[in-house]
Amino acid sequence: MRKLLSDLALPAGAIFASLLVFGVFEWLAGVNPIEVWLLLFKGAFGDWYSWQNTLQRAAPLMLTALCVAVPARAGLVIIGGEGALVLGGLACAALPYAVPLPANLAGTFLICAAGAAVGALWIALAGWLRQYRGINETISSLLLAYVAIGLFKHLVEGPLRDPASLNKPSTNTLAEGLRIGGIAGSDVHWGLVLGVAACVILWLWLRWTPSGFAVRVVGGNPRTAQLVGLPASQLIISACAVGGACAGLAGAVEVAAVHTNANASLIAGYGYAGILVSFMARHSPLGIIPVAILFGGFGAAGSLLQRRLGLPDASVLVLQGIAFVLILASEALRGLNWRALLLRRAPA
Amino acid sequence: MSTEQVITLTAGIVGGALRVGAPFLFVSLGECLTEKSGRINLGLEGVLVLSAMAAFGGAYLTGSPWLGVLCGAVAGALLATLHGVLCSLHGVNDVATGIALMMLGTGLAFYLGKPLIQPQAPQIPFIPLGNWSDSSAVRSALQINALLPVGIVLAAAMWWAFARTRWGLLVRMAGDSANAARALGYSVSGIRIAATAAGGFIAGLGGASLTLFYPGSWNEGISSGQGLIAVALVIFARWSPLRCIGAAALFGGAGAIGPALQSVGIGWGYHLFNTLPYVFTLIILVLSCKPGQVVPGSPGELSSTR
């Protein structure tokens, strides 16, 4: 109970503190902070239009956050979700080049599966390099992300380029039937359902199944895992693959629901924002859902800040950075014995 | 390929190694100092971008490239100090904090650097070393960054300081055995914060080389992972400042292959050649790390190698 309270209170406090710091930062830059806060709220959750924008951005964030959370449960810090995302999106757009696909739900399923598979392989490679080559997975996953982006640009601007895309090199546009549509005619697409479902399923997996439990043992205490004979390497690499599949799926969903083809707009930083979301949710798949909606909202509000106040588009990055720093700093407050602190001060 | 093209290509790669290698050298020296004290700073990527922006802004506003270099280094030191202080808090993990600072530094740099994308700033002067040659390609390749000799001297000075001075010994002690430092009455956190801040200052010189020498302008794609490659480079250099020089030159050369090929008219696979430094880094890591074994030369308290 107490743990749950601090689990909720610390991130909430950190968010408020980071909004405060962000306001001061904007105030120093010569902008009225109250206006900034109001616009942040309005652009994120003010009306149905903002909510659609927010939820549209929350969907890939949930999936890329899972790419951090699941390996984190196995004891790894993976920060290369962006690479899995762009390659997943590319695989999704490229599959119709290779095989004729039925332009219906089955085809959509296949392109999404292709994205997830490529993402899984990419992050599993970082896990493999760690287990069998002893390479720090944080560094290798980010290096792999840069390789992935280079590969993506090479293929999109070269062999896979649609000759009709002149100014903005893109792959061929997906057939109408392959795309992912909106829910009940709104701008919110079915990717959101996929994201929420992935969070819930992975939460159930980690919480209630023997293999999920084994992953948590490996992450929590590698020596215990070794003593009870768990196949640590297999579990760690599988956790990476599951996380990578989520990020790859995020890319596929972005292509099939938003961009309709693979182009440079896909490299939008969802992979990096997902790191923040996962850390804030303390790597809990269920916790990721509300946090992803919150940061999806900030992302949505960013364009409103840009339009109304003329703030640079990097405002959202600054807010994310401040929030990340304060979330981590708030960890120092965890487990403090508040009552003892207060009692000691009170008599004086 | 004609002889002239071969000369152009070789000059491009060697010149690139000198130009692209300079930021690598400074960032890896900064990271080396930080890691010697027992802490890893993945946030140097953020430090590099922020200091690149600050150096460009400083040079643009004051009109002096050297004041710009100073601005960059100070901005780098400030961001790194934040990392050092945060990591000293109880229960705060240095890898996660590094990722957070990567985001914060990049965000701040993009935000504050928005008005700096168009203008030109006075550049760091170059030292011409290629006047003996008739080939213009060779001459332009050997126009080196005036900060580069500073970096080489700094590497030698750091090597000497780690081996011979009281300060160097303190940093190494904090990195190899925090308990020993504590037993002698030194503040481990204090030493680490100081080493991290100094590391950020040095890395800031690398940022300044990016915007004030090569490529010589500020844009949002100025650094793509150089700060992080430098972390890997320190592992490859086995935490020796002298070996950082060679490693930086090697990586600079790898990074210059793409642009050099383009300069002789080979445009195919430009993006692929640009991924070479990353692939190269991964290969180097595969060669220098072994599973379940600590890399030789690594500081004992370092969380990334444990």
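Trainee: Is R282(A) buried, partly exposed or exposed?

Mentor: Keep in mind that this is a predicted model. R282(A) sits in the loop between α11 and α12 (285-309) of chain A. A residue is buried with 20 or more other C-beta atoms within 10 Å and exposed with 12 or fewer. R282(A) has 16 other C-beta atoms within 10 Å, so R282(A) is partly exposed.

Trainee: What is the phi of R282(A)?

Mentor: R282(A) is a residue other than glycine, and its phi is positive. The value is near 50°.

Trainee: Why does G251(A) count as buried?

Mentor: G251(A) has its place in helix α10 of chain A. Leaving aside neighbours within four places in sequence, its contacts include L85(A), G115(A), G119(A) and L266(A). G251(A) counts as buried because its C-beta neighbours inside 10 Å number 38.

Trainee: How are α3(A) and α10(A) oriented to each other, roughly parallel or roughly antiparallel?

Mentor: The axes of α3(A) and α10(A) are 7 Å apart, and the helices pack at an angle of about 170°. Angles over 145 degrees count as roughly antiparallel. α3(A) is therefore roughly antiparallel to α10(A).

Trainee: How many nonpolar residues does the contact of α3(A) with α10(A) have?

Mentor: Residues of α3(A) in the contact include L63(A), L66(A), V68(A) and R73(A). On the α10(A) side, V242(A), L249(A), V253(A) and E254(A) are among them. By class, the contact has 3 polar and 2 charged residues, and the nonpolar ones number 16.

Trainee: How many charged residues does the contact of α1(A) with α13(A) have?

Mentor: α1(A) passes α13(A) in a right-handed crossing. Residues of α1(A) that meet α13(A) include I15(A), V21(A), F22(A) and F25(A), and their partners include L319(A), I322(A) and L326(A). By class, the contact has 14 nonpolar and 3 polar residues, and the charged residues number none.

Trainee: Why are the buried residues of α8(A) on the same side of the helix?

Mentor: In helix α8 (residues 210-220) of chain A, the buried residues are G212(A), A214(A), V215(A), V218(A) and G219(A). They lie on the same side of α8(A) because they cover an arc of only 160° around the axis. On the other side of α8(A), P210(A) and G220(A) are exposed. The buried residues pack against α3, α7, α9 and α10 of chain A.

Trainee: Which element gives the most residues to the side of chain A that touches chain B?

Mentor: The contact takes 39 residues from chain A and 41 residues from chain B. The chain A elements that give two or more residues are α5, α6, α11 and α13. By class, the chain A side has 24 nonpolar, 10 polar and 5 charged residues. The element that gives the most, with 12 residues, is α6(A).

Trainee: How many of the residues of α10(B) are buried?

Mentor: The buried residues of α10(B) pack against α6 of chain A together with α1, α2, α11 and α13 of chain B. L228(B), V231(B) and F236(B) are among those buried. α10(B) is largely enclosed by the rest of the structure, because the buried count is 11 of the 11 residues.

Trainee: Which residue is joined to P215(B) by a cis peptide bond?

Mentor: P215(B) lies in the loop between α9 and α10 of chain B. The bond has an omega of about 0°, and the residue joined to P215(B) is Y214(B).

Definitions and conventions: Residues numbered from 1 in each chain as written. Chains lettered and ligands numbered in written order. Predicted model: local features only at pLDDT ≥ 70, side-chain atom pairs only at ≥ 80, totals over all residues. Helix = DSSP H or I, 4+ residues; strand = E, 2+ residues; numbered from the N terminus. Arc of directions from axis to C-beta. Contact = placed C-beta atoms within 7 Å. Nonpolar A, V, L, I, M, F, W, Y, C, P; charged D, E, K, R; others polar. Axes fitted to C-alpha atoms, helices over the stretch in contact; angles between N-to-C directions. Parallel < 35°, antiparallel > 145°, perpendicular 65-115°, else oblique. Left-handed = near helix turned anticlockwise from the far one by under 90°.
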